[in-house]
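Thanks for coming, everyone. Let me put the structure up, and then we'll go through a few residues.

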Amino acid sequence: MSKISVITTVYNAQNDILNAVKSVINQSFENFEYLIIDDGSTDNTFNLLKTIKDKRVKIHKIGRVGRAKALNFGLKKAKGDYISILDADDTFHFRKLELQLNKIVSLNHVKIISCNSSILNEQGVQIGFCKTKKFHQDILFQLLKMNPFPHSSVFYEKIAALNVGGYNERCEKSIDFNFYLDLISKGYKFHGLPKNLLKFKLNSSSWSKSDNCGLQLQYAMIGLINYYQLQGNLEGILT
């Protein structure tokens, strides 16, 4: 059985998807499966995916169901003990899986690992950095001030994700942020690996930049309210 399951959900990413796939296939750690969930693409994405010749890559075309449901589909299909998320327009450093696996195994109280990231514009030019905090309490402080790291930077135990019900399908945006808050509410510990292991690309079609209605912020605020309700032993509004 593969030790790691990498999950990519993709919708109309024909310009970036093969770069993302290449960054996974070329990892220094090779004992993984790669689940690519096509969430109803209408461009050439699926045809490009069919050209991939690697037995570790498993492609699922599930129709347009939305990101949270597509992620949960991947979680249910995943056979690995650990999950690494990769958005379709991002790319891994070639040692990302190896280094994050080694770190999470060495810290048996930690269930989710983040890492540093380079931020790129649409032309692939680096325009900034995203640095994770190292220790749980510092990460918690940053989370409660809104999401401090890209979803593609995380690496976590699958059982922890299943124990919180996966990704909340009531969230249209801020899906990863609400997922982190759910994990923390259940007592799971975070840790940051201060190494630059991801290139995070900002596209005009990305979840944050295409958010014309401010839903990213709205669902983040709802997630925080839900978190504080759970801390007070109340039923969260996202339940």
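Which residue forms a salt bridge with Lys-58? Glu-33 does, with the closest N and O atoms 2.9 Å apart. By salt bridge I mean a side-chain nitrogen of Lys or Arg within 4 Å of a carboxyl oxygen of Asp or Glu.

A word on the source. This is a predicted model: local features need pLDDT of at least 70, side-chain atom pairs count only at pLDDT 80 or more, and totals for chains, interfaces and linings use all residues. Residues are numbered from 1 along each chain as its sequence is written, and side-chain values use heavy atoms, with hydrogens and water left out.

Back to the pair. Lys-58 sits in strand 3 (residues 57-61) and Glu-33 in strand 2 (residues 32-38), so the bridge ties together parts 25 residues apart in sequence. Strands here are DSSP runs of E, at least two residues, numbered from the N terminus. Glu-33 is buried, at 2% relative accessible area. Lys-58 is partly exposed, at 30%. The cut-offs: buried is under 20%, exposed is over 50%, partly exposed is in between, using a 1.4 Å probe and protein chains only.

The whole structure has seven salt bridges. Another one joins Arg-56 and Asp-54, at 2.9 Å, N to O. Arg-56 is buried, at 18%. Asp-54 is buried, also at 18%.

Last stop: Ser-117, in strand 6 (residues 110-120). Ser-117 is buried, at 1%. Beyond its neighbours within four places in sequence, its contacts (heavy atoms within 4.5 Å) include Gly-128, Cys-130, Pro-150 and Phe-200.

Key
Helices (H or I, at least four residues) and strands (E, at least two) are DSSP runs, numbered from the N terminus.
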